[in-house]
Amino acid sequence: MAKGDPGVSTRSRRAAPRSRKGAAGDPDLVQLLTPEGERIESVTGPDGTVYRVDFTDEEYRGLYRDLVLVRKLDAEATALQRQGELGLWASLLGQEAAQVGSGRALRTQDMVFPTYREHGVLYCRGIDPIMPLGLFRGVDQGGWDPNEFKFNMYTIVIGAQTLHATGYAMGVAMDGKTGGDEGEAVIAYFGDGATSQGDVNEAFVWASVFNAPLVFFCQNNQYAISEPLERQTRVPLYRRADGFGFPGVRVDGNDVLATYAVTHTALDNARHGQGPSLIEAYTYRMGAHTTSDDPTRYRIASEVEAWQAKDPIARVKAFLEKQQIADADFFAEVDEQAKRESVHLRERVLAMPNPDPNTLFDHVYPHGSPLLDEQREQFSRYLESFEGSAH
């Protein structure tokens with residue numbers, strides 16, 4: 001779904017009004033849609049950048065549809081894991097706006113480097129949502145062609161993808177693919193906890209000194225598993241960019257409009273050769289870190305309830321209703337579509353065939369190797385030893 005031009009101004013250092021004070025109590029928080037669904041026409045960031053969006057009614061409805069479908073598919077995956085059909089699942093519950101907003105800001109030529117939770121970005125890139133479920137079901141290695149979708153494979157090692165993204169972005173610049181409207185940009189997703197990793201800080205250094213066309217997109221969901229944000233940093237995460245020599249901005253990560261506008265600007269700056277930037281999407285993980293986690297052991301119910309009042313889907317629905325852009329029939333139709341697609345996803349997961357164990361060796365080397373052939377033969381004999389009445 002193509003989105004309209006948000007009409008974002010170029011970056012400027014001249015004096016400008018400060019951005020409206022956001023829900024998180026930070027005067028530098030960029031917000032275009034309040035938790036009550038009130039629309040803010042434009043916001044001027046601390047550096048003078050003006051953020052706004054100019055969508056059609058159909059595009060606003062499309063964003064709402066994206067948010068609802070992504071949440072429903074994610075909930076279905078969580079249910080599948082609880083029923084023993086997946087080994088693990090990392091839910092995005094509460095982070096839909098950060099992912100859909102940034103995902104829809106991407107152009108076809110832009111490259112994405114995700115963690116293991118970017119199911120919403122994956123959806124926006126047009127990838128079949130069944131793809132990561134094979135990984136978490138253990139029937140494949142979770143592979144797809146990154147070049148086909150301009151979306152790299154999920155990365156489990158915390159922060160490692162930021163270095164991969166930096167190297168890729170450096171290559172984009174060296175190939176002369178920046179400097180205009182049709183230039184390429186790269187985006188790397190990671191969480192607040194990853195900012196403590198050496199890989200992430202090394203990526204900041206390299207991206208900065210090589211002026212890489214890269215957007216670092218940090219989904220600050222307030223917890224690095226069980227460690228709260230105040231145990232990770234003494235300053236807002238977006239301000240870390242200053243020390244590495246590139247701009248940073250904090251956006252209301254539960255606001256799909258502001259997330260789109262901020263990401264659109266950052267990507268355009270990157271593709272025009274203005275180098276890297278850091279976006280801190282200030283959001284909240286409503287569920288567990290993964291299905292192996294128990295968040296009740298480290299956070300209190302009142303905190304969760306406070307963030308539920310900032311729900312990213314509820315505020316878009318309130319906006320659509322107040323502006324009379326959508327009616328009850330539309331919301332019912334979206335809910336029905338979400339239910340239908342989630343049931344279809346479940347059916348497809350349950351129908352996934354168990355792989356032949358010998359396929360483990362199929363793609364290790366492009367042309368095989370004698371040693372690999374020997375290992376395959378040994379493994380085959382081992383499997384055959386379990387056949388027959390003696391076992």
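Helices (H or I, at least four residues) and strands (E, at least two) are DSSP runs, numbered from the N terminus. The structure is a predicted model, in which local features need pLDDT of at least 70 and side-chain atom pairs count only at pLDDT 80 or more, while totals for chains, interfaces and linings use all residues. Residues are numbered from 1 along each chain as its sequence is written, and side-chain values use heavy atoms, with hydrogens and water left out.

Two residues were noted for their backbone angles. Most residues other than glycine have a negative phi. Isoleucine 225, in the loop between strand 7 (223–224) and strand 8 (227–228), has instead a positive phi near 60°. Its relative accessibility is 42%, so isoleucine 225 counts as partly exposed; buried stands for under 20% relative accessible area, exposed for over 50%, and partly exposed for values in between (1.4 Å probe, protein chains only). Lysine 150, also not a glycine, has a positive phi of about 55°. This lysine 150 belongs to the loop between helix 5 (146–149) and helix 6 (160–174), and it counts as buried because its relative accessibility is 16%.

Nonpolar packing was examined next. In soluble globular proteins, nonpolar side chains tend to be buried together. A nonpolar core is taken as a set of buried Ala, Val, Leu, Ile, Met, Phe, Trp, Tyr and Cys residues joined through side-chain atoms within 4.5 Å. The largest such core has 72 residues, of which Tyr64, Leu133, Leu257 and Leu320 touch the most other members. Helix 1 (residues 57–82) gives the most to this core, contributing 10 residues. Apart from this core lies another, of 31 residues, which includes Ala188, Phe204, Tyr223 and Tyr298. When residues up to four places away in sequence are not counted, leucine 257 touches Leu32, Leu33, Arg39, Val53, Phe55, Tyr60 and Leu63, contact being defined as heavy atoms within 4.5 Å.

Charged pairs were then searched over the whole structure, giving 19 salt bridges; a salt bridge is a side-chain nitrogen of Lys or Arg within 4 Å of a carboxyl oxygen of Asp or Glu. One of them joins arginine 104 and aspartate 66 (2.9 Å, N to O). Arginine 104 lies in helix 2 (residues 96–105) and aspartate 66 in helix 1, so this pair ties together parts 38 residues apart in sequence. Both arginine 104 and aspartate 66 are buried. Arginine 271 and aspartate 110 also meet in a salt bridge, at 2.8 Å from N to O. Here helix 9 (residues 256–271), which holds arginine 271, is linked to the loop between helix 2 and strand 4, which holds aspartate 110, the two residues being 161 residues apart. Arginine 271 is buried at 1% relative accessibility, and aspartate 110 is buried at 0%. In a further salt bridge, the closest N and O atoms of arginine 250 and glutamate 280 are 2.9 Å apart. Arginine 250 is in strand 9 (residues 248–252) and glutamate 280 in strand 10 (residues 277–282), 30 residues apart, and both are buried. Salt bridges with shared partners join Arg107, Asp110, Asp268 and Arg271 into one network.

Glutamate 118, in the loop between strand 4 (111–113) and helix 3 (119–124), is buried yet has no salt bridge. The nearest side chain of opposite charge, that of arginine 117, is 6.0 Å away; Lys and Arg count as positive and Asp and Glu as negative, with His and the chain ends not counted. Leaving aside neighbours within four places in sequence, glutamate 118 is in contact with Gln99, Phe151, Tyr154, Tyr189 and Gln219.
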